[in-house]
Amino acid sequence: MTDTKKASDVFIECLEAEGCEYIFGVPGEENLDFLDSLGRSDKIKLILTRHEQGAGFMAATYGRHTGKTGVCVATLGPGATNFVTSAAYAQLGGMPVLMITGQKPIKKSKQGRFQIVDIVSLMEPVTKYSVQIAAGDNIPSRVREAYRLAEEEKPGATLIELPEDIAEEPTSDWKPLPKSVARRPSAESKAVRAAVEAIEKAKHPVLVIGAGANRKTAGRMLEQLVEKTGIPFLTTQMGKGVIDERHPKFLGCAALSAGDFVHRAVEAADCIINVGHDVIEKPPFFMQDNGVTVIHVSTNTAEVDPVYFPQIEVIGDIGNAIWQIKEDISPNRSWNFDKALSYRAAEVAHTTPLENDTRFPIFPPHLVKQVRDCVPHDGIICLDNGVYKIWFARGFTAYLPNTVLLDNALATMGAGLPSAMMSAMLYPDRHVMAICGDGGFMMNSQELETAVRLGLNLTVLILRDDAYGMIRWKQANMGFDDFGLTYGNPDFVKYVESYGGHGHRVESSEHLTEVLAHCRDTPGVHLIDCPVDYTENDQILNIDIKKLSKEL
């Protein structure tokens with residue numbers, strides 16, 4: 001007689017074989033066989049959240065930090081549809097995730113269409129792989145394929161739907177499939193040579209570091225290239241921290257769309273080495289047919305659009321490609337970086353007095369400086385989405401990769417708190433801070449209960465302006481009346497205390513310094529209610545910066 005196992009047991013064993021440590025989610029009745037099997041696992045821990053979206057964000061952040069697939073689970077229908085935003089977040093942001101959802105029995109059901117949505121089809125546009133398990137014997141191959149695709153460059157989201165009747169059926173093909181060892185191809189030597197020749201012939205080359213370079217942690221090779229050649233570098237928002245931004249050749253972060261000091265530095269270049277460019281981010285520069293050479297270094301060929309059509313492409317493992325360029329290149333003693341570096345000096349000169357403005361409510365540039373001064377060298381800040389993301393991307397000096405987690409891909413609100421929770425779970429000895437607007441925080445604020453229940457050490461800094469401030473800023477900038485974007489808020493101190501956390505209300509700049517330090521040095525879940533003054537956003541970001549940088 002052939003040995004058999006329950007299909008849901010096989011599913012858990014396949015996840016264990018892939019190295020799964022956590023499953024985040026909100027199970028439902030269609031997941032009960034799966035949950036029963038999970039309960040008997042001594043290798044995988046269930047992290048029960050208060051909303052499926054938060055579970056998906058946590059799984060995605062696990063993938064972002066580790067490069068391994070994060071796993072989350074939801075029931076059918078409304079549980080699965082709550083994963084859509086998290087799937088898009090992971091897919092656009094390049095974070096490996098496997099989403100597991102339940103479904104009514106597919107062989108025989110007496111419930112009609114109750115709660116049934118075609119989740120597999122719904123998820124196809126926002127995943128790399130979306131499949132229903134129609135027979136238990138297919139589980140080993142489907143799980144292995146989902147993991148392979150989730151982690152393959154560019155990483156992203158995968159989904160497996162496990163119907164209720166399939167989960168409970170006996171299966172004879174229950175052995176997990178072994179992982180393959182796959183190395184990314186190396187860049188072709190002639191392409192490397194063409195890139196090196198173009199860089200050596202240039203007068204003012206510049207290096208741009210994008211999201212793809214952060215995913216594969218090519219920072220070591222990039223820093224060696226900068227050290228050997230002296231070529232200055234800038235980053236996109238999702239490229240922050242690939243090289244320590246205290247480096248003297250750092251030109252800044254392209255946080256705004258155009259017109260910032262850093263954009264002028266790129267415009268002064270005649271050769272742009274664009275590493276890890278990902279079209280999910282707004283372009284860090286607008287390419288024109290004006291004689292400037294653009295070299296695309298990435299794992300994938302360039303997606304051409306009206307402002308990006310590179311003349312030279314070096315395709316392969318990014319770290320290896322940069323190493324090849326570094327080994328081959330001979331620095332040109334006629335290179336001149338004075339103009340590019342002068343723009344960085346001008347940005348610092350403009351920012352310094354803003355950082356030292358101690359008004360109350362807190363001025364955003366000063367807030368950024370306060371956080372940077374408080375957070376340790378290896379501390380992690382996790383930004384939700386709002387106008388403060390621009391201030392932090394421009395002004396917060398990143399020392400290490402994946403210490404400034406922001407989403408400049410889907411740019412969804414509500415991800416900041418779950419992202420910080422995952423970071424605190426993975427790195428319990430490092431200081432972790434979620435930085436959220438009041439709008440984004442309230443979209444997943446219920447996960448405070450999860451954070452307290454898990455015993456996490458975490459600071460949640462809420463920048464309160466009682467409005468959807470980013471859109472309100474755009475509304476004013478476009479000349480529209482101030483309408484429809486303000487709201488009330490709960491008493492955030494009482495709110496976090498009701499969950500068992502610690503609440504703090506900022507009363508001055510000096511008080512903010514004290515509160516940040518206290519939360520950093522005291523265990524537990526802390527929430528800081530910090531009023532912010534956004535009245536000068538438009539003047540500084542849309543008018544002053546563009547005017548000053550143009551005059552240089």
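**Close-up views of a predicted model**

A search through the whole structure turns up 34 salt bridges, a salt bridge being a side-chain nitrogen of Lys or Arg within 4 Å of a carboxyl oxygen of Asp or Glu. This is a predicted model, in which local features need pLDDT of at least 70 and side-chain atom pairs count only at pLDDT 80 or more, while totals for chains, interfaces and linings use all residues. Residues are numbered from 1 along each chain as its sequence is written, and side-chain values use heavy atoms, with hydrogens and water left out.

**View 1. Glutamate 267 and arginine 264 pair within helix H12.** Their side chains meet in a salt bridge with an N to O distance of 3.5 Å. Both sit in helix H12 (residues 261-267), and because they are three residues apart, about one helical turn separates them. Helices (H or I, at least four residues) and strands (E, at least two) are DSSP runs, numbered from the N terminus.

**View 2. Glutamate 536 and arginine 359 form a salt bridge.** Their closest N and O atoms are 2.8 Å apart. This pair links distant parts of the chain, 177 residues apart: glutamate 536 is in the loop between strand E20 (525-531) and helix H23 (537-551), and arginine 359 is in the loop between helix H14 (338-355) and helix H15 (364-374). Glutamate 536 is partly exposed at 29%, and arginine 359 is partly exposed at 22%.

**View 3. Phenylalanine 24 belongs to the largest nonpolar core.** That core has 51 residues, and those with the most contacts inside it are Phe24, Phe441, Leu448 and Val460. A nonpolar core is a set of buried Ala, Val, Leu, Ile, Met, Phe, Trp, Tyr and Cys residues joined through side-chain atoms within 4.5 Å. Setting aside neighbours within four places in sequence, phenylalanine 24 is in contact (heavy atoms within 4.5 Å) with residues including Ile47, Met58, Val71, Cys72 and Met425. Apart from this core lies another, of 45 residues, among them Ile362, Leu367, Leu461 and Ile540.

**View 4. Phenylalanine 57 and tyrosine 89 are an edge-to-face pair.** The whole structure holds twelve aromatic pairs. Rings of Phe, Tyr and Trp (its six-membered ring) pair if their centres lie within 6.5 Å; planes under 30 degrees apart count as stacked, over 60 as edge-to-face and the rest as tilted. In this pair the ring centres are 4.8 Å apart and the planes are at 70°. Phenylalanine 57 comes from helix H3 (residues 52-66) and tyrosine 89 from helix H5 (residues 84-93), 32 residues apart. Both phenylalanine 57 and tyrosine 89 are buried.

**View 5. Tyrosine 468 takes part in an aromatic pair and in a nonpolar surface patch.** Tyrosine 468 and tyrosine 487 are edge-to-face, at 4.8 Å centre to centre and 70° between the planes. Tyrosine 468 counts as partly exposed at 34% relative accessibility, and tyrosine 487 as partly exposed at 21%. Together with Met443 and Ile471, Tyr468 makes a nonpolar surface patch of about 270 Å². Patches are made of residues with over 30% relative accessible area and no salt bridge, with like charges joined within 9 Å and nonpolar side chains (Val, Leu, Ile, Met, Phe, Trp, Tyr) within 5 Å. Methionine 443 lies in helix H18 (residues 438-443) and is partly exposed at 38%.

**View 6. The backbone has a cis peptide bond between phenylalanine 360 and proline 361.** Omega is about 0° at this bond, and proline 361 is in the loop between H14 and H15. Another cis bond runs from glutamate 153 to lysine 154, with omega near -5°. Lysine 154 is in the loop between helix H7 (139-151) and strand E7 (157-163).

Methods
Buried means under 20% relative accessible area, exposed over 50%, partly exposed in between (1.4 Å probe, protein chains only). Accessible areas come from the Shrake-Rupley method with a 1.4 Å probe; for residues, only the protein chains shown count as cover.
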